[in-house]
Amino acid sequence: MHTLARIVVFGLALLLIASLGLALQPAKASMDRPTWSAGNFWVYNISSGSGPATVTGTFRMDVTGTETVTLNGTGYPSYRVASDLKIPLGGGLTFEVSPVIWFSVDTLAVVRIQAVVPPILNLTTQTTVVIAGSPPQTIQWPLTAGATWSSSTVVWTSSTNATRTTWSHATLSTTFSVQSDATITVPAGTFSTTPLKELSANGTYTTNFWSATVGNWVRVGSYNSTGQNSQNFNLTSYGYTGGPGFFGSIILGLPAWIWLILLVVIVVAIIGFFAVRRRKPPAVMMPPPMPPQEPPMGP
């Protein structure tokens with residue numbers, strides 16, 4: 001094989017070995033913070049209550065981009081997430097609300113929620129609700145089993161209808177603790193997760209089962225002060241590109257997977273070129289033309 005072909009094949013082999021090595025790396029003992037991007041989405045089934053009083057529905061989250069949310073003069077870079085909550089009410093009626101939720105880019109904690117709540121069975125008027133925590137609570141990444149921390153925020157809520165705006169605020173203190181990894185099965189599949197327990201001062205708590213594969217929660221479970229499960233969000237489908245990794249990384253301006261394809265094409269072309277050259281018979285060398293003969297001289 002020609003020297004250039006050998007070099008290209010060697011480079012291709014190195015890239016393939018690198019990608020295989022990344023794929024075979026053992027699972028980390030801690031979970032890094034997911035990186036979201038526009039187009040990522042997650043869909044959940046909701047179940048709240050028990051027995052005949054159980055309420056079911058669906059909840060969808062779509063990342064639409066990033067923007068900075070300013071609270072009390074401080075800007076927080078945030079993912080802007082369009083969400084949709086649907087709860088069947090029976091009799092062909094469905095309650096639907098589509099909040100916009102801003103999550104901190106640095107911590108993935110909720111920064112702000114804004115929703116237009118429609119009238120419910122004509123018993124209320126349309127109301128715009130805004131909820132914000134100043135400063136937002138903190139999630140400490142990476143999530144490592146056994147890690148514990150506390151975080152407090154003042155939650156401000158405004159409610160605006162056709163006649164007035166009402167403001168209220170309350171201090172929310174939460175103790176966060178990272179549990180041991182757990183394998184969770186939901187409608188979307190079976191996933192290895194890192195549970196994060198969020199304990200409120202009144203003894204109620206929520207456990208978010210974070211998944212690096214999903215880039216978000218696989219399940220969110222809410223529990224009362226006695227530990228009884230009161231509500232669950234279970235993942236049914238998702239679209240997540242994840243962090244860069246190898247095949248998502250950029251090399252000289254192009255994604256790595258494009259370089260792999262280009263290398264394969266180049267190798268095939270070079271090997272084919274030299275194979276054709278080997279099969280082509282050598283050109284027949286023609287003898288040089290004879291110089292013109294001078295006519296014989298007369299007597």
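1. In this predicted model, Trp210 stands opposite Trp217 of strand S15. The two strands concerned, S14 and S15, run antiparallel and are joined by 7 bridges. S15 covers residues 216-223.

2. S14 and S15 form a hairpin, with 4 residues between the strands. Gly215 lies in that turn and has a positive phi of about 80°.

3. On the other pairing of S14: strand S13, residues 189-200, pairs with S14 in the antiparallel sense over 6 bridges.

4. How many of the 7 residues of strand S14 are buried? The count is 6, so S14, which spans residues 205-211, is largely enclosed by the rest of the structure. Buried here means under 20% relative accessible area.

5. The largest pocket holds about 1,200 Å³ of space. It is lined by 44 residues, and those closest to its centre are Val110, Ile113, Glu198, Thr206 and Trp217.

6. Which strand gives the largest share of the lining of the largest pocket? That is S7, residues 110-117, with 6 residues. By type, the lining divides into 28 nonpolar, 14 polar and 2 charged residues.

Definitions and conventions. Residues numbered from 1 in each chain as written. Predicted model: local features only at pLDDT ≥ 70, side-chain atom pairs only at ≥ 80, totals over all residues. Heavy atoms only, no water. Buried < 20%, exposed > 50% of the residue type's maximum accessible area, 1.4 Å probe, protein only. Pairing = 2+ DSSP bridges. 1 Å grid on protein atoms, 1.4 Å probe; cavity = no way out; pocket = protein on both sides within 12 Å on 5 of 7 lines; lining within 4 Å. Points joined across faces, edges and corners; volume = space filled by probe spheres on them. Nonpolar A, V, L, I, M, F, W, Y, C, P; charged D, E, K, R; others polar.
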